[in-house]
Amino acid sequence: MIVDQKLCIGCGRCRVYCPVRAIRLENRKAVIDQDLCTECANCQRANICPKQALVKPALEWPRQVRSQMSDVTTVYRGVNGRGTEEMKTNDVTGRFKKGFAGIAVELGRPQVSTTMRDLEKIAMVVAAHGAEFEECNPITSYIVDKATGKVNPEILDERVISGIIEVTVPIERLRENVEAIIAAADQLDTVFSLDVVCVNNEDGSNDARTILDEAGIWYRPNAKNNVGLGHLDSRREKDVSYTA
Amino acid sequence: MSHTLHRRGSVESLKKDIVFLALPAHRYNDQDIPMEEVGAKLRRFMEIGLEQGCICIGNASTGNLHTLGGVQQILDSTTSGATVHCVFDDQEKAIAMMQALKEADLGMSVVVSGLFDMLGECCQKSGLHMHTVEYSLGIWGNTSGLPAEPIMEINTMCGHGMVSVGRIQDVADKIKKGRMTCEEGGKELAKTCTCGIFNWKRAAEILAEIAS
């Protein structure tokens with residue numbers, strides 16, 4: 001993002017809308033720090049500039065990566081934002097099967113953002129522990145060697161609001177991966193949130209939860225639950241009414 | 001992968017924050033039936049949410065109450081595949097929502113985020129079963145740059161991080177100065193959450209704590 005200096009009246013309204021605090025006032029004009037800016041366009045979408053001085057220029061490689069990963073209006077393989085359908089549609093896709101667990105590491109936000117260099121550090125950790133990268137994830141598309149987790153070197157200094165590394169591991173390797181990721185936390189300049197996904201057993205138990213409990217690994221009291229309502233119409237036995 | 005998962009706060013506060021989302025499985029549902037039918041099913045999902053007393057709805061692809069101008073506009077904009085949301089602030093309403101969704105049998109995948117034990121109870125009462133669960137193991141790394149906890153509680157209600165820390169502080173400041181009510185502040189902050197998944201009502205309660 002840039003500020004059209006001819007249009008800017010220096011009111012400063014845009015500053016507080018920047019999720020990474022990249023906008024400052026200089027000589028009574030708004031200026032955007034191009035290193036910090038993640039091209040999320042939140043300032044522009046907020047529509048608070050009285051002079052429409054906030055401009056998203058045509059971006060060239062590798063800066064385009066910032067926009068792809070940070071602008072929520074970007075759609076990648078059917079999903080807005082930087083993640084995938086992951087467990088949300090697991091009742092239909094069966095992406096996470098019994099005997100396996102999903103791990104997601106979202107680096108960046110709130111306020112701190114992340115570089116692709118930090119994302120690579122975690123990608124390399126999970127690659128070393130036998131994790132399989134999710135093909136539909138945009139970060140995976142930037143990993144040039146899935147055996148090592150190495151990211152395209154051209155984009156390592158690009159900064160994004162956040163990026164999510166999504167992998168699947170055999171359930172017996174869940175604990176070692178989680179512990180390795182946590183151990184790598186102090187190598188980072190940013191923060192990450194850590195998630196574990198697992199399909200429930202028929203008795204309602206969850207193998208990942210059992211492993212986390214046994215390992216003494218803490219998890220939050222709130223969780224995300226796919227409640228199993230998804231299916232294809234061809235499987236449906238009765239007709240349903242909905243607004244056509 | 002973490003949209004709606006990392007909402008923070010006390011258990012009492014999180015009891016008032018139950019997020020439903022629905023979406024078609026890409027390359028499955030959208031190839032099984034025409035896209036306009038997918039859109040109709042997603043619209044119906046939001047209509048059911050409104051019937052059951054949700055506090056807001058949104059469409060991650062087309063916009064929120066503020067960007068689109070109203071509830072009907074959100075419904076009208078939902079004409080094809082998208083991730084759509086309904087946010088509830090009450091457990092009984094969430095149970096009613098689950099029962100209604102089970103009855104409607106739309107075929108779209110539905111994910112409910114909230115307190116795990118409370119949702120387990122909701123599922124039990126509505127006859128649903130948790131198929132797949134995503135657990136949050138918290139936040140790690142260099143946390144020194146993170147804002148104060150109450151600000152985090154508001155910020156994390158937008159899964160894409162678009163409710164900026166600066167704007168939260170700005171709104172809290174206006175409330176302290178008497179230039180805005182807490183409810184107005186919550187609704188104001190919801191504007192930049194493009195998906196419409198931000199719980200403005202809970203944000204208003206947190207803003208009241210900050211302002212006091």
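Which residues are buried in helix H6 (residues 174-183) of chain A? In this predicted model, they are A:Leu174, A:Asn177, A:Val178, A:Ala180 and A:Ile181. Looking down the axis of H6(A), you will find these buried residues within an arc of 165°, so they line one face of the helix.

What do the buried residues of H6(A) pack against? Within chain A, their partners are strands S7 (100-108), S13 (162-170) and S14 (191-199), along with helices H4 (116-127) and H7 (207-215). Chain B takes part too, through its strand S5 (132-141).

## The nonpolar cores

In soluble globular proteins, nonpolar side chains tend to be buried together. Here, the largest nonpolar core has 86 residues, and the members that touch the most others are A:Ile165, A:Leu174, B:Phe20 and B:Phe45. Leaving aside residues up to four places away in sequence, A:Leu174 touches A:Ala101, A:Ile103, A:Val169, A:Val196, A:Ala208 and A:Ile211.

There is also a second, separate core of 49 residues; among them are A:Cys37, B:Cys158, B:Val165 and B:Leu189.

## Two helices crossing in chain B

Now over to chain B, where the axes of helix H6 (residues 91-104) and helix H7 (residues 116-126) come within 9 Å and cross at roughly 45°. That angle makes H6(B) oblique to H7(B), and the crossing is right-handed.

On the H6(B) side, the contact is made by B:Gln91, B:Ala94, B:Ile95, B:Met98, B:Gln99 and B:Lys102. H7(B) contributes B:Met118, B:Leu119, B:Glu121, B:Cys122, B:Cys123, B:Lys125 and B:Ser126.

Key
Residues are numbered from 1 along each chain as its sequence is written. Chains are lettered from A and ligands numbered from 1 in the order in which they are written. This is a predicted model: local features need pLDDT of at least 70, side-chain atom pairs count only at pLDDT 80 or more; totals for chains, interfaces and linings use all residues. Side-chain values use heavy atoms; hydrogens and water are left out. Buried means under 20% relative accessible area, exposed over 50%, partly exposed in between (1.4 Å probe, protein chains only). Helices (H or I, at least four residues) and strands (E, at least two) are DSSP runs, numbered from the N terminus. The arc is that of the directions from the helix axis to the C-beta atoms. Contact means heavy atoms within 4.5 Å. A nonpolar core is a set of buried Ala, Val, Leu, Ile, Met, Phe, Trp, Tyr and Cys residues joined through side-chain atoms within 4.5 Å. Axes are lines fitted to C-alpha atoms, for helices over the stretch in contact, and angles run from 0 to 180 degrees between N-to-C directions. Angles under 35 degrees count as roughly parallel, over 145 as roughly antiparallel, 65 to 115 as roughly perpendicular and the rest as oblique. A crossing is left-handed if the near helix is turned anticlockwise from the far one by less than a right angle, and right-handed if clockwise.
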